Amino acid sequence: MARLSTTSRAARSATRSRPMLAPRLLVTALFVFGMSGATGALAAPPSNPFAIAPFSLDVTIPLDHRCMGVLPTKSQRIVDPLQLHGLVVWGAEQPIVFCAVDWCEIRNGAYDQMRATVATAAGTVPEAVLLSALHQHDAPVVDTTAGELLAAQGLADELYQAEFFADVLTRLDQAVRDACQSPQTFTHVGIGQAEVVDIASNRRVVEPDGSISFRRGSRSGSDPQLAEADRGLIDPWLRTLSFWDGDRPLAAIHSYATHPMSYYGAGEVSYDFVGIARERR
């Protein structure tokens with residue numbers, strides 16, 4: 001079995017690193033910014049069980065598709081392509097898969113279907129698939145259970161378009177299978193973190209008179225008092241989990257809890273500021 005050690009290169013602004021004890025601990029990492037992978041592929045030698053396989057997919061909704069589920073406006077213009085990024089990780093046990101999607105929400109039956117699709121393609125079980133919606137707002141809410149209830153009331157494809165979602169599942173299955181044909185051996189795992197400033201805040205606000213209110217919504221920048229109020233209790237850290245082959249970076253997963261909705265309600269489909277950060281990184 002290959003020996004794993006740590007690297008300090010986990011993030012460009014990393015402030016602390018610690019050892020990763022075993023690949024099974026990777027399942028504890030949640031990510032909001034998505035995954036960026038290196039190009040190229042190296043076959044993992046049989047003697048080394050530690051390998052990764054990045055995969056990506058365009059999951060942009062078509063025009064006239066519902067955004068955010070309950071909004072009256074449907075998609076009018078594609079500002080940015082919605083993306084799905086994933087990473088299959090092989091270690092001492094069964095494969096673990098991370099998968100981040102530029103959609104608002106993936107609910108109920110749709111969540112189960114996507115995890116099952118990825119698990120089957122990667123040769124693992126759904127419980128080993130960490131599926132995350134990045135929660136952009138001019139983006140779809142996909143929920144097959146709710147879709148069935150709406151269809152029974154004559155509102156088929158009102159929440160999301162079933163044909164579009166079926167196509168995504170088909171292409172996702174193929175993307176994962178293709179990625180698994182070219183695993184890349186990793187020798188090191190890096191963990192880092194950096195503080196994020198002026199992005200997120202707690203909805204709970206301490207007013208000037210000392211009272212407590214929850215009037216700070218998702219977009220309150222037009223109210224100077226709310227904008228200047230203390231950010232409150234939040235997790236301020238962006239955390240990065242990275243994979244390396246010696247000194248060569250292979251992939252990085254970034255995690256930060258936020259509510260991206262720079263685009264909301266106008267039908268301008270976008271991966272929002274978290275997608276912009278991912279692309280710049």
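Predicted model: local features only at pLDDT ≥ 70, side-chain atom pairs only at ≥ 80, totals over all residues.
Arg-248 counts as partly exposed at 31% relative accessibility, where partly exposed lies between buried, under 20% relative accessible area, and exposed, over 50%, with a 1.4 Å probe and protein chains only. Its salt-bridge partner is Asp-245, with the closest N and O atoms 3.6 Å apart, and Asp-245 is likewise partly exposed, with a relative accessible area of 24%. By salt bridge I mean a side-chain nitrogen of Lys or Arg within 4 Å of a carboxyl oxygen of Asp or Glu.

Residues are numbered from 1 along each chain as its sequence is written, and side-chain values use heavy atoms, with hydrogens and water left out.

The salt-bridge rule gives a count of 13. One of them joins the side chains of Lys-74 and Glu-158, at 4.0 Å from N to O. Lys-74 lies in the loop between S3 and strand S4 (77-78), and Glu-158 in the loop between helix H2 (144-151) and H3, so the pair ties together parts that are 84 residues apart in sequence. Helices (H or I, at least four residues) and strands (E, at least two) are here DSSP runs, numbered from the N terminus. Another salt bridge links Glu-207 and Arg-215 at 2.8 Å, N to O; Glu-207 is buried at 12% relative accessibility, whereas Arg-215 is partly exposed at 38%.

Let me turn to the sheet, which is open, has five strands in the order S8-S6-S5-S3-S10, and shows mixed pairing; two strands pair if DSSP finds at least two bridges between them. Strands S8 (129-133) and S10 (184-185) stand at the edges with a single partner strand each, so one side of each has no neighbour in the sheet.

How is S5 placed, enclosed or open? Eight of its eight residues are buried, so S5 is largely enclosed by the rest of the structure. Strand S5 (residues 83-90) pairs with S3 (residues 51-58) in the antiparallel sense over eight bridges, and within that pairing Phe-55 stands opposite Gly-86. Helix H3 (residues 162-180) packs on the sheet and touches S3 and S5, its direction making about 150 degrees with that of S3; contact means heavy atoms within 4.5 Å, and the axes are lines fitted to C-alpha atoms, for helices over the stretch in contact, with angles from 0 to 180 degrees between N-to-C directions.
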